[in-house]
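Visitor: Hi, could you walk me through this one?
Guide: Happy to, here it is.

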Amino acid sequence: MSYETVIGLEVHVELGTRTKIFCGCEVAFGAAPNSRVCPVCLGSPGVLPVLNEQALALGIRAALALNCQVRRSSKFDRKNYFYPDSPKAYQISQYDEPIGEHGHIDIVVDGQTRRIGITRVHLEEDAGKLTHSPFGDTSSVDLNRVGVPLIEIVSEPDIRTPEEARLYLEELKAIMQYCEVSECKMEEGSLRCDANISLRPVGASALGTKTEIKNMNSFRNVLRGLEYEQQRQADLLRSGEVIVQQTLRFDDATAKTIVMRSKEDAHDYRYFPDPDLPRIELSESYIAQRLAEIPELPANIRARFEQDYGLPAYDAGVLTASKALSMFFDQTARLVKDPKAASNWIMGDLLAYLKEDGKEIEGLTMQPKQLAGLIGLIDDGTISTKIAKTVLRDMVSSGRDAPTIIAEQGLVQISDEGELRAIAQRVIAANPKSVADYMAGKEKAIGSLVGQVMKETKGKANPQVVNRLMAELLSSK
Ligand SMILES: [Zn+2]
């Protein structure tokens with residue numbers, strides 16, 4: 001029997017606010033443990049939470065960017081559980097009235113657009129962070145993260161392969177970053193992903209028993225965890241065994257899933273409306289303002305790059321990996337004759353030089369018009385492509401203009417025929433073996449003669465002119 005995989009993702013995204021969701025404590029990743037806490041987030045008796053308006057605004061912006069319908073009226077609920085990461089013994093979340101519902105993200109799988117539904121987007125507070133001693137006798141808790149604002153984004157079970165899950169996450173992350181809702185740093189936990197996965201016979205409509213995989217802390221591990229679990233379930237089903245509903249943890253070292261606990265149902269949390277927080281009532285104008293804050297999103301930009309600049313889909317994908325990169329390309333492309341040339345320079349040499357320097361595009365001092373200027377100098381024959389690579393290397397490090405570097409280092413291309421002819425004649429005289437080979441019909445021998453001219457001019461000779469002159473000189477022999 002063959003099986004179909006059904007995957008749904010629950011993604012937690014930390015909202016990029018300065019302070020926590022219900023108190024004034026600063027949000028600071030990496031701060032000294034328990035240094036960003038107050039009576040409100042520590043749950044002392046008698047304190048009252050106050051909603052951070054910026055967290056609400058970012059949550060609504062995110063829901064709109066994910067094509068959700070935003071509820072005009074929603075509320076906060078208490079999710080009760082007893083665990084040391086939560087000093088109040090409950091988490092403030094949203095149960096039956098989330099801020100957003102019925103959204104979607106489109107992903108492109110093998111050239112086909114697939115729409116992945118989003119069930120809901122809700123606001124909640126984060127919990128503390130537990131660290132367990134490797135010797136097994138103690139655990140420590142850092143409550144700095146308690147009360148950090150999150151949105152939880154729950155997808156419909158529309159994802160069919162681990163690869164689709166990865167594509168969905170990539171797109172979700174890009175949308176959040178473009179909208180400046182979150183930096184989505186998985187390594188710092190500001191984007192976290194849990195996955196539900198089940199298998200069912202192909203053609204069946206009922207869902208199989210699912211397992212939930214927690215704590216997959218990189219896109220690679222999401223892919224590995226889901227692939228492992230898909231195989232494990234298929235093996236069990238094929239040997240006639242049943243899948244047990246449970247919560248699993250992906251172990252990076254062994255690349256296997258490990259059982260954490262049997263799955264709890266929603267009623268175990270005894271949800272009830274939080275009596276300390278008023279309902280969230282949104283006006284039409286408030287929602288319209290949030291909608292106006294959403295910039296052009298990556299899917300739109302990719303389509304525009306392909307249509308307006310004639311870029312291949314691959315280039316459009318690479319260049320929209322971040323908002324800063326797509327803006328850099330967009331501005332450069334407007335200033336050059338051939339946008340594909342700009343794409344090649346950015347995707348190839350520029351990204352490589354940034355990587356060498358350990359820099360991000362955001363930290364680049366070189367401006368798009370400076371790169372466009374460099375490309376213009378290649379177009380008009382002032383410098384060769386080879387020299388341009390050297391010049392760009394300098395531009396990325398120093399932020400100086402191409403003409404300044406070219407003048408200082410005497411890198412202007414030599415296209416003067418008289419000068420190049422003299423060098424070519426010297427090279428011919430000094431390399432009788434190559435000349436004889438060429439005369440004997442080995443046409444490739446001309447390459448080594450041209451190479452000698454390029455070497456003598458330190459790469460500054462115009463290769464087209466040298467090729468033509470060399471062919472002329474040899475044929476007149
Ligand atoms: Zn606090």
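Guide: We can go through some strands, a helix and the domains.

Guide: This is a predicted model, where local features need pLDDT of at least 70, side-chain atom pairs count only at pLDDT 80 or more, and totals for chains, interfaces and linings use all residues. Residues are numbered from 1 along each chain as its sequence is written, and side-chain values use heavy atoms, with hydrogens and water left out.

Visitor: Is strand 11 mostly covered or uncovered?
Guide: Mostly covered: nine of the 11 residues in strand 11 (191-201) are buried. Buried means under 20% relative accessible area with a 1.4 Å probe, protein chains only; strands are DSSP runs of E, at least two residues, and helices are runs of H or I, at least four, numbered from the N terminus.

Visitor: Which strands pair with strand 11?
Guide: Strand 1 (residues 3-14) pairs with strand 11 in the antiparallel sense over 11 bridges, and Tyr3 stands opposite Pro201. Strand 12 (residues 211-216) is also antiparallel to strand 11, over four bridges, with Cys193 opposite Met216. Pairing needs at least two DSSP bridges between two strands.

Visitor: New topic: what do the buried residues of helix 3 pack against?
Guide: They pack against elements including helix 2 (162-178), strand 11 and strand 13 (246-251), where contact means heavy atoms within 4.5 Å. Among the buried residues of helix 3 are Phe219, Leu223 and Leu226.

Visitor: And what follows helix 3?
Guide: Gly240 does, with a positive phi near 80 degrees.

Visitor: How far apart are domain 1 and domain 3?
Guide: Their C-alpha centres lie 66 Å apart. Domain 1 is 3-290 and domain 3 is 417-475, with bounds from an automatic or database domain assignment.

Definitions and conventions:
Buried means under 20% relative accessible area, exposed over 50%, partly exposed in between (1.4 Å probe, protein chains only).
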